[in-house]
Amino acid sequence: MANELAERTTLRSPLGRVRGLGSSQSGVHHWWLMRVTSVALLPLSVWLVFALAGLAGASHAEALAFIGRPFNAVLLLAFLAAAFHHTAYGVQVIIEDYVRAEWGRIGGILAVKGLCVLLWLAASLAVLRIALLRPPAAL
Amino acid sequence: MSIMKDSREATMVGHRSDGATVRRPLSPHLQVYDMLQMSSALSISHRITGVIWAIGLVFLVWWLVAAAAGPAAFAAAQWFFSSFLGVVLLLGLTAAAWYHTLNGVRHLAWDVGWGYDIPTMYRTGWAVLIGTAALTVLTWIVLLVAFF
């Protein structure tokens, strides 16, 4: 025990190291959620890109019919949630890498996250409004 | 860690979780890495295309909100997307989206420990580039068939 203590080159306790939460107190949470959302986005983006390409030149009624269909509305809401989560986390890493000043870094991350939340809510509300406010017969 | 013989080693000093210093290649450093080789070029492209995707999301939000707002707002959005600027933007966005998606699969493979050796890294890199071109062309064939 005495020998082990002498060989230690850090003040971090073995328990602190094994928990692995590091200086940010959150461990690999951020890294892991980037992977989880990327796996979710893989099929969702492939679907979305081809679905939107197929809607080229669509009339307003055709677009509403597409968005309002329950299958499409659910996938759109899932895509928006995963995409804005992934975007907020991804841009956060870019800001952390390149912005040196602490006020700029924290301010930038907060601004990006706030913007992502607002855009996500706006887009989700639009999808819900189209899906819920139109009676199925009108589709 | 031994005494440094080359100043470039200063960019390779990392710390293990027990505090000991180790030599470890850190994130791409402009004075150490050749940014024109495939490994680093595709790496920074992943980040750049991620930002382009983020900008593209704003246009998706605009399209959805315009559809919910009514025919006039939707016509304005459709006018923009079928304008010259809109088409160029959508074309770039399609390529960036496919690149980020395909290179993302490459990153997930690396995360499970596959494909780190140089020949495999170059092979998967070319696969991403060719796949991006092929899927972008395919997407625009679907788009043009739907449009006309």
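Guide: Among the elements of chain B, the highest mean pLDDT, 97, belongs to α3(B), and the lowest, 74, to strand β1 (residues 13-15) of chain B. The model is a predicted one. Chain B has a mean pLDDT of 89, and 86% of its residues reach 70 or more. For the complex, the predictor gives an ipTM of 0.85 and a pTM of 0.84.

Visitor: What makes B:H100 count as buried?

Guide: A residue is buried if 20 or more other C-beta atoms lie within 10 Å of its own. B:H100 has 26 C-beta neighbours inside 10 Å, and therefore counts as buried. The residue is placed in helix α3 of chain B. Leaving out residues up to four places away in sequence, B:H100 touches B:H46, B:T49, B:G50 and B:W53.

Visitor: Which annotation does UniProt list for B:H100?

Guide: The unreviewed UniProt entry lists B:H100 under "binding site".

Visitor: Why is B:V61 called buried?

Guide: The cut-off is 20 or more other C-beta atoms within 10 Å. B:V61 has 20 such neighbours inside 10 Å, so B:V61 counts as buried. This residue is found in helix α1 of chain B. Apart from neighbours within four places in sequence, B:V61 is in contact with A:L119, A:A122 and A:A123.

Visitor: How many residues does each chain bring to the contact between chain A and chain B?

Guide: Chain A brings 30 residues and chain B brings 28. On the side of chain B, the elements giving two or more residues are α1 (38-69), α2 (71-81), α3 (84-111) and α4 (118-147). The largest share, 11 residues, comes from α1(B). Sorted by class, this side of chain B has 18 nonpolar, 7 polar and 3 charged residues.

Visitor: Where does UniProt place the "transmembrane region" annotations of chain B, and what is the chain like there?

Guide: The unreviewed entry lists residues 48-73, 79-99 and 126-147 of chain B under that name. In the model, residues 79-99 of chain B are 90% helix and 0% strand, with end C-alpha atoms 27 Å apart. Residues 126-147 of chain B are 100% helix and 0% strand, and there the end C-alpha atoms are 31 Å apart.

Visitor: Let us turn to chain A. What makes α4(A) roughly perpendicular to α5(A)?

Guide: The axes of helix α4 (residues 60-68) of chain A and helix α5 (residues 70-98) of chain A cross at roughly 75° and come within 5 Å. Angles of 65 to 115 degrees count as roughly perpendicular, and so α4(A) is described as roughly perpendicular to α5(A).

Visitor: Which residues meet where α4(A) and α5(A) are in contact?

Guide: From α4(A) come A:F66, A:I67 and A:G68, which meet A:N72, A:A73 and A:L76 of α5(A). The residues of this contact divide into 4 nonpolar, 2 polar and no charged.

Visitor: How many helices and strands does chain A have, and what share of its residues counts as buried?

Guide: Chain A has 6 helices and 0 strands, and its pattern along the sequence reads α-α-α-α-α-α. Of its 139 residues, 22% count as buried. Among contacts in chain A between residues at least 6 apart in sequence, 73% join residues at least 24 apart.

Notes
Residues are numbered from 1 along each chain as its sequence is written. Chains are lettered from A and ligands numbered from 1 in the order in which they are written. This is a predicted model: local features need pLDDT of at least 70, side-chain atom pairs count only at pLDDT 80 or more; totals for chains, interfaces and linings use all residues. Two residues are in contact if their C-beta atoms, placed from the backbone, lie within 7 Å. Helices (H or I, at least four residues) and strands (E, at least two) are DSSP runs, numbered from the N terminus. Ala, Val, Leu, Ile, Met, Phe, Trp, Tyr, Cys and Pro count as nonpolar, Asp, Glu, Lys and Arg as charged, and the others, Gly among them, as polar. A residue is buried if 20 or more other C-beta atoms lie within 10 Å of its own, exposed if 12 or fewer, and partly exposed in between; C-beta atoms are placed from the backbone. UniProt positions are given in the numbering used here, feature names are shortened, and annotations may be inferred rather than shown by experiment. pLDDT is the predictor's confidence in each residue, from 0 to 100. Axes are lines fitted to C-alpha atoms, for helices over the stretch in contact, and angles run from 0 to 180 degrees between N-to-C directions. Angles under 35 degrees count as roughly parallel, over 145 as roughly antiparallel, 65 to 115 as roughly perpendicular and the rest as oblique.
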